[in-house]
Protein chains: 2
Amino acid sequence: MLFKQFDLNYDRPAATKTETGMSKHGQRVLITLRKMIANGELPPGERVAEIPIAERLGVSRTPVRIAFRTLEQEGLLRKGDRRGYTVRAITPTEIADAIEVRGVLEGLAARLASERGISLPARSHLIECLSTGDALFSKGFLTDEDMEIYHDFNMRFHNTIIEASRNIAIEDALSRNDHLPFASVSSIAFNRDDMTGEFRRFNFSHMQHHIIFDAIDNGQGARAEALMREHANAALRYTQILGPTQDMPDNFTVIEREDTA
Amino acid sequence: MLFKQFDLNYDRPAATKTETGMSKHGQRVLITLRKMIANGELPPGERVAEIPIAERLGVSRTPVRIAFRTLEQEGLLRKGDRRGYTVRAITPTEIADAIEVRGVLEGLAARLASERGISLPARSHLIECLSTGDALFSKGFLTDEDMEIYHDFNMRFHNTIIEASRNIAIEDALSRNDHLPFASVSSIAFNRDDMTGEFRRFNFSHMQHHIIFDAIDNGQGARAEALMREHANAALRYTQILGPTQDMPDNFTVIEREDTA
DNA sequence: CGTAATCAAATTGGATCCAATTTGGCAAGA
DNA sequence: TCTTGCCAAATTGGATCCAATTTGATTACG
């Protein structure tokens, strides 16, 4: 099964701003379904009907129907010709595709931020993210807790640049990708059995943050864009890990932030 | 009012592949609402409630609720903090933003198509599009009918390249932008009072198609990407036309293709 | 034995009903 | 007169009911 062994932390405070209008109930259904698709509880290609899902989640068909539409929009469900939805197969290729798209979109954001200039608050926010990272890596090693911290400021760093682009369409376009598991900045995975290797990897990623900021801060749009594009590949590690079998070794930990959009 | 005077042809055969699961009824509600938002019948910022809309469209609240969710996903409605939806203001800036995003996405598609190589059928399809255009412009002038033809093969040209990229995520990301009026390839506008000017403009656009194809066909990824990005600005004309008043002169005609996704 | 037709079961979409939450106004008291 | 509290109206989400469409299966006929 796909991503069966993943240990997704879906029980975290949401960091989104687009509060979809359903009350707690509908939200929970949507999030639960996303989770079930992501961890393979609903296998790819499986046909999902409203009634069984509704019974399984202990709600009526109405919130399930709404959720299905949303999940279709997000690309996690595909609609059959005549009736019924099927779980869309999320292959490593598709994740790689989504990451490539994220690369160009965030690259655009970085370029626009460079060209248009960033606000003072955004600038200091970015610098703060960089400092936090510097402090983290100056120790020479990383703990699990550090990974949480990294995950947090990494997300803020990226989001700040996207906002600084002052192009709403970028955020909109990204919000779709972010529903695909492991394609968004809001999820990082690391190998507990090779923390020194991971230290080097994330340190490199952090160094990229530094030079991206440098480019943006100096108005070097093309440089910022190219760097950010390349930086997106930092996440591409998943697909290397997953490889052809699409199974994840147990010693990997995934930090994910749930998304309510 | 926003885009009030636009003469959108929404009554055309749908060209989409993602058939959203609603029966005719729900489809109609969704399309009607899109139309009402696009042509300003529902002014930007206006609060839309379920009951009045349902009564106005002669259906129950259920299909309206579903449609609201979809429209929120598409970015045409924004959800209030506590309750209710409001029509999102679609400013020229937002359209320009969306077009910029489309540029980088289609640019990515063009690059990938170049790098991975296009299939023989796709290649001949592109060539066919180019020939059709050549025949059109060789006359030295354009009629209204020609515009329809142009619109048609222009869309096919772009879609073929997107498919040729073999990156599903691009199509997914674009499908959101395409709901914003005038941000997608499926809509073109032209000024009937200046058909010679329009001839030159669309001819230029068609020439861009030629060199984009040349780049792709020769595996020149970076060139194809840059050209396609620039080509996206061909549509940017709307925002120039609209200007600050956001009103469209009567002598403009818009060809739009309705989208059922 | 194969094919076609009809009927039943399942599934989905729409409408209506009910509950919960919010908003807004009106009134009472400081 | 201003503020506060309470109540009513409105709005939204969920559940259930009903109709329409589709699937599939069984049976009958060639």
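Modeller: Let us begin with a definition: a salt bridge is a side-chain nitrogen of Lys or Arg within 4 Å of a carboxyl oxygen of Asp or Glu. Please note that this is a predicted model, in which local features need pLDDT of at least 70 and side-chain atom pairs count only at pLDDT 80 or more, while totals for chains, interfaces and linings use all residues. Residues are numbered from 1 along each chain as its sequence is written, chains are lettered from A and ligands numbered from 1 in the order in which they are written, and side-chain values use heavy atoms, leaving out hydrogens and water.

Colleague: Why is the meeting of A:D152 and A:R156 called a salt bridge?

Modeller: The distance from N to O is 3.0 Å, and the rule asks for a separation within 4 Å, so the pair qualifies. A:D152 and A:R156 stand four residues apart in helix α6 (residues 144–164) of chain A, and are therefore separated by about one helical turn. Helices here are DSSP runs of H or I with at least four residues, strands are runs of E with at least two, and both are numbered from the N terminus. By this rule there are 31 salt bridges over all chains.

Colleague: What makes A:F68 and A:Y85 an aromatic pair, and which kind is it?

Modeller: Rings of Phe, Tyr and Trp (its six-membered ring) pair if their centres lie within 6.5 Å; planes under 30 degrees apart count as stacked, over 60 as edge-to-face and the rest as tilted. The centres of A:F68 and A:Y85 are 5.4 Å apart and their planes 65 degrees apart, hence edge-to-face. The pair links distant parts of the chain, from helix α3 to strand β3 (residues 85–87) of chain A, 17 residues apart.

Colleague: How many residues does each chain bring to the contact?

Modeller: Contact means heavy atoms within 4.5 Å, and it takes 38 residues from chain A and 39 residues from chain B. Of the interface residues of chain A, 100% are also interface residues in chain B, so the copies meet through the same surface. Four salt bridges cross this interface; one of them joins A:R229 and B:E225 at 2.6 Å, N to O. On the chain A side, α4(A) gives the most, with 10 residues.

Colleague: Why is the relation of the two chains called that of a two-fold axis?

Modeller: Copies are superposed by least squares on the C-alpha atoms of residues with pLDDT of at least 70 in both. Chain A is laid on chain B with an RMSD of 0.1 Å by a turn of 180 degrees and a shift of 0.0 Å along the axis. That is the relation of a two-fold axis. In chain A, the C-alpha nearest the axis belongs to A:A173, 2.7 Å from it.
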